[in-house]
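My notebook is open and the viewer is running. I'm jotting down what I look up as I go.

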Amino acid sequence: LDSITVAGLRFDAEGRATLAVTFSFAEEITDFGTDDVDLSDTHGTLSALTRGSDGRFWNATLTVPANTNDTSNTISVNMSGLRDLAGNIGEDRFTSSNFQLDTTGPSATITLAQNTLKFGETTTVTFRFNQAVTDFTSDDVVLTHA
């Protein structure tokens, strides 16, 4: 096994993340299945593996539960379960590089420069997020009794 690539983070409506996983081999292999893959050092489940046209590349989708935040993740392959076209059996284990998983959504602390206002007065409102956010606009703010 030459490499395991994890990329393409996407989120579904329930907050689960999916990532594309590609297993790249130096030569064509046969009988590669999810039972050869060890996910004990990562979070999530792996879809069925799809063989590339030349048998050297195999693809799957890793689905990670919502509210997962872990900086230490790897995917391993038990090489002794694999054979090349000549029938040679693989040896040892191959482990991916470490990757981070973060499916936790941002949280915000909202502060007002003045907590009590009279009719016609204004105040500065500060939104402080626990992580970087994108596309935050005034349309995302819901005012009640204001």
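Before anything else, I wrote down the exposure scale: buried means under 20% relative accessible area, exposed means over 50%, and partly exposed is in between (1.4 Å probe, protein chains only).

**Ground rules.** I'm working with a predicted model, where local features need pLDDT of at least 70, side-chain atom pairs count only at pLDDT 80 or more, and totals for chains, interfaces and linings use all residues. Residues are numbered from 1 along each chain as its sequence is written, and side-chain values use heavy atoms, with hydrogens and water left out.

**Confidence.** I checked pLDDT, the predictor's confidence in each residue from 0 to 100. The chain has a mean of 90, and 100% of its residues reach 70 or more. My note on naming: strands (E, at least two residues) and helices (H or I, at least four) are DSSP runs, numbered from the N terminus.

**Salt bridges.** How many salt bridges does the structure hold? I found 3, counting a side-chain nitrogen of Lys or Arg within 4 Å of a carboxyl oxygen of Asp or Glu.

- Glu 28 and Arg 51 meet at 2.2 Å, N to O. Glu 28 sits in the loop between strand E2 (17-24) and strand E3 (29-30) and Arg 51 in strand E6 (residues 50-51), so this pair ties together parts 23 residues apart in sequence. Glu 28 is partly exposed at 24%, and Arg 51 is partly exposed at 38%.
- Arg 93 and Asp 38 pair up at 2.5 Å, N to O. Since Arg 93 belongs to strand E11 (residues 93-95) and Asp 38 to strand E4, the link joins parts 55 residues apart in sequence. I got 45% for Arg 93, partly exposed, and 24% for Asp 38, also partly exposed.
- Asp 54 bridges to Arg 56, with the closest N and O atoms 3.7 Å apart. Asp 54 is partly exposed at 32%, and Arg 56 is partly exposed at 29%.

**Thr 68.** Is Thr 68 buried or exposed? Buried, at 8% relative accessibility. I found Thr 68 in the loop between strand E7 (57-64) and strand E8 (69-73). Its side chain reaches the backbone oxygen of Pro 65 at 2.9 Å. Leaving aside neighbours within four places in sequence, Thr 68 is in contact (heavy atoms within 4.5 Å) with His 43, Leu 101, Asp 102, Thr 103 and Thr 104.

Notes
Polar contact = N/O pair within 3.5 Å; in protein donor to acceptor, adjacent residues only side chain to side chain.
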